[in-house]
Amino acid sequence: MKLYHGTNYSSAINICSNGIDLSCSKPYLDFGPGFYATPSYHRAAELAVKKTDKVNEQNRKRQKNYKYEEPYVVQFEYKPLPEAKLEQISFPHHGVEWGAFVLNNRLTPEILSQYDIENHNQDCRYDVCIGEIADGAIINSAFQVNNKILLPEDINFEAFLKDNKEPYGQQYSFHSKKSISCISGLSCDIIKNKRRYTK
């Protein structure tokens with residue numbers, strides 16, 4: 001399967017030159033800390049433009065003579081190897097099970113412990129996770145739970161769907177060296193027409 005990861009130029013070059021470094025991941029992502037990709041080039045390009053704009057803005061504030069970066073898409077092949085014996089979880093569609101898993105991955109360790117929540121991947125118990133991409137509503141809900149405005153059981157998972165009920169598309173996340181070993185053919189592609197991928 002061919003997958004795509006949208007990012008900025010320096011990150012793309014580092015990935016293609018040195019490989020995927022899982023320690024670079026941010027915490028509290030949809031499926032836990034890891035390396036994320038999508039089967040949709042268009043979606044990866046949108047994310048690349050968004051991330052690169054953010055990186056350029058941060059660099060502009062930090063230094064006067066900053067180097068402007070361009071958005072890139074990292075392309076690669078993913079083929080699960082039988083000998084890798086990957087632990088995988090998959091969510092084909094939006095739903096309560098998917099929503100709870102995504103929400104839990106965005107909760108603090110304190111909240112997870114307080115409510116004895118074990119259905120998450122913050123400890124990378126799953127090598128690979130597959131499922132829909134969540135929108136900003138879930139981030140807001142996680143914020144309210146983390147700040148004890150809402151209880152986890154009070155969350156309406158239907159709110160995580162887009163208004164027109166259309167999903168954002170699939171994402172694949174990789175959380176272990178075993179899963180990264182199933183990735184090959186890393187290459188970079190500059191996005192030439194940024195306007196096409198700007199919402």
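The largest nonpolar core of this predicted model has 20 residues, a core being a set of buried Ala, Val, Leu, Ile, Met, Phe, Trp, Tyr and Cys residues joined through side-chain atoms within 4.5 Å; buried means under 20% relative accessible area with a 1.4 Å probe, protein chains only. Phe31, Phe91, Trp98, Phe101, Val102, Leu103 and Leu107 have the most contacts inside this core. Residues are numbered from 1 along each chain as its sequence is written. Local features need pLDDT of at least 70 and side-chain atom pairs count only at pLDDT 80 or more, while totals for chains, interfaces and linings use all residues; side-chain values use heavy atoms, leaving out hydrogens and water.

**Nonpolar cores**

**Gly131**
- Gly131 belongs to strand E5 (residues 128–132) and is buried, with a relative accessible area of 0%.
- Leaving aside neighbours within four places in sequence, Gly131 is in contact (heavy atoms within 4.5 Å) with Phe31, Phe91, Gly169, Gln170 and Gln171.
- The C-alpha atoms of Gly131 and Ile89 are separated by 8.5 Å, although these residues are 42 residues apart along the chain.

**Contacts of Leu103**
- Not counting residues up to four places away in sequence, Leu103 touches Ile138, Ser141, Ala142, Ile155 and Phe157.

Methods
Helices (H or I, at least four residues) and strands (E, at least two) are DSSP runs, numbered from the N terminus. Buried means under 20% relative accessible area, exposed over 50%, partly exposed in between (1.4 Å probe, protein chains only).
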